[in-house]
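Subject: Structure handover

Hello,

Here is the structure I promised to pass on. Please open it alongside this note, which walks through what I found.

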Amino acid sequence: MSGTSAIAAGGRRRNGSRLGWNLLGLLVFVIVGFPVYWMLNTAFKPAKDAIDPDPSLLPTGLTLSNFSRALDIADFWGPVGRSLVVSLSVVAIGIVVGMLAALAISRFAFRGRKIVIVGILAVQMVPLVAMIIPVFLLLNDLKQYDKLTGLIITYLTFILPFTVWTLRGFIVNIPKELEEAAMVDGCSRTGAFVRVVFPLLAPGMVATSVYGFIQAWNEYLYALMLMSQQNQTATVWLGNFTTKHGTEYAPMMAGATMMAVPIVVLFLFVQRKMAAGLTAGAVKG
């Protein structure tokens, strides 16, 4: 009986611990998800209800007028198109250059290798706001101020180090023996990478690409400082709802909701690869 009681007590403790973790997870979900819910709630409610000093947590009425107002207040598709061009370009260039750099750092022993790794970490520690003036002066000298190419180059300076460091972690966790076996079977080093390493690295590349896209898509400070009103990106476009007469919160939230659509669509397409990439580095070898 004592053994049975001990087993029952252990089961109750496990169930209690599981319930506690579930409640904690639910609390975190509510805290993290509430801003998104409030954005959607404000986007679909009448404009007068958005500035109500005693707002309701539940929708009191649904309307699409805020979306039409958001599209009419300024050019919407222009900034969104520019943001897509910048974000996709940063991801494409960053993932190619980052993969080659990460492969060199993780697979080849060369003089100054540790210095390169430390340098990558040091770059990520520099606050972005501290580089605004040097970046502005440099782009101005290169005739890249107020150009999308200049903004792409600027974003690569802080997205590329993270890409290299992350992909290096994924490549290190792929055993060298797999490449060596492929080379013994007749593959060149490039062929071994394409046929063996690249398929195993694909989930990590997807996860890194999604992060880079989100960073470039949501960046505000450099887009505000380096681009004119005619070439503004989507994040800066949201500032059109704040004028000297006040802030139009409902149309602003409608604009923010439309800006979130590309991110949501991207996650729907790559969610499985994203999950696999985030967990790929959990097991060595």
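A salt bridge here means a side-chain nitrogen of Lys or Arg within 4 Å of a carboxyl oxygen of Asp or Glu. By that rule, the count comes to three salt bridges. Keep in mind that this is a predicted model.

**The overall picture**

The chain has 285 residues, and buried residues make up 35% of them. Its secondary structure comes to 12 helices and two strands. From the N terminus on, the order is α-α-α-α-α-α-α-α-α-α-α-β-β-α. Take the contacts with a separation of 6 or more: residues 24 or more positions apart account for 73% of them. The accessible surface of the chain comes to about 17,000 Å². Carbon and sulfur atoms hold 70% of that surface.

**The salt bridges**

Side chains of opposite charge can pair when their charged atoms come close. Here are the pairs.

- K48 and D49: the closest N and O atoms are 3.3 Å apart. D49 has 16% relative accessibility, so it counts as buried. K48 counts as exposed, at 61%.
- R69 and E248: their side chains meet in a salt bridge at 2.9 Å, N to O. This pair links distant parts of the chain, 179 residues apart. R69 sits in helix α3 (residues 65-73), while E248 lies in the loop between β2 (246-247) and α12 (249-279). R69 is partly exposed, at 35% relative accessibility. E248 is partly exposed too, at 26%.
- R107 and E179: the closest N and O atoms are 2.4 Å apart. E179 is buried, at 6% relative accessibility. R107 is buried as well, with a relative accessible area of 13%.

**The nonpolar cores**

In soluble globular proteins, nonpolar side chains tend to be buried together. Which residues have the most contacts inside the largest nonpolar core? They are A70, W217, W237, L238 and F241, in a core of 19 residues. The elements that give two or more residues to this core are α1 (2-44), α3, α4, α9 (189-218), α11 and α12. The largest share comes from α12, with six residues.

Leaving aside neighbours within four places in sequence, A70 is in contact with W237, F241, P251, A254, G255 and M258. Another core lies apart from the largest one. This other core has 17 residues, among them V86, V90, A216 and Y222.

**Helix α6 and what follows**

In α6, residues I132, V135 and L139 are buried. Seen down the helix axis, the buried residues of α6 fall within an arc of 70°, so they line one face of the helix. I133 and D141 are exposed on the other side of α6. What covers the buried residues? The cover for α6 includes α7 and α10.

After α6 comes K143, whose phi is positive, near 60°. Q144 is in the loop between α6 (132-141) and α7 (148-172). At 18% relative accessibility, Q144 counts as buried, because the cut-off is under 20%. The side chain of Q144 makes a polar contact with the side chain of T149, at 2.2 Å. Neighbours within four places in sequence aside, Q144 is in contact with L139, T149 and G150. L139 is one of the buried residues of α6.

Q232 is found in the loop between α10 (221-226) and α11 (234-237). Is Q232 buried or exposed? Q232 is buried, with a relative accessible area of 6%. Leaving aside neighbours within four places in sequence, Q232 is in contact with P79, R82, W237 and N240. W237 is also one of the residues with the most contacts inside the largest nonpolar core.

Best wishes

Note on methods. Residues numbered from 1 in each chain as written. Predicted model: local features only at pLDDT ≥ 70, side-chain atom pairs only at ≥ 80, totals over all residues. Heavy atoms only, no water. Helix = DSSP H or I, 4+ residues; strand = E, 2+ residues; numbered from the N terminus. Buried < 20%, exposed > 50% of the residue type's maximum accessible area, 1.4 Å probe, protein only. Polar contact = N/O pair within 3.5 Å; in protein donor to acceptor, adjacent residues only side chain to side chain. Contact = heavy atoms within 4.5 Å. Areas by Shrake-Rupley, 256 points an atom, 1.4 Å probe, with all protein chains shown as cover. Core = buried A, V, L, I, M, F, W, Y, C linked by side-chain atoms within 4.5 Å. Arc of directions from axis to C-beta.
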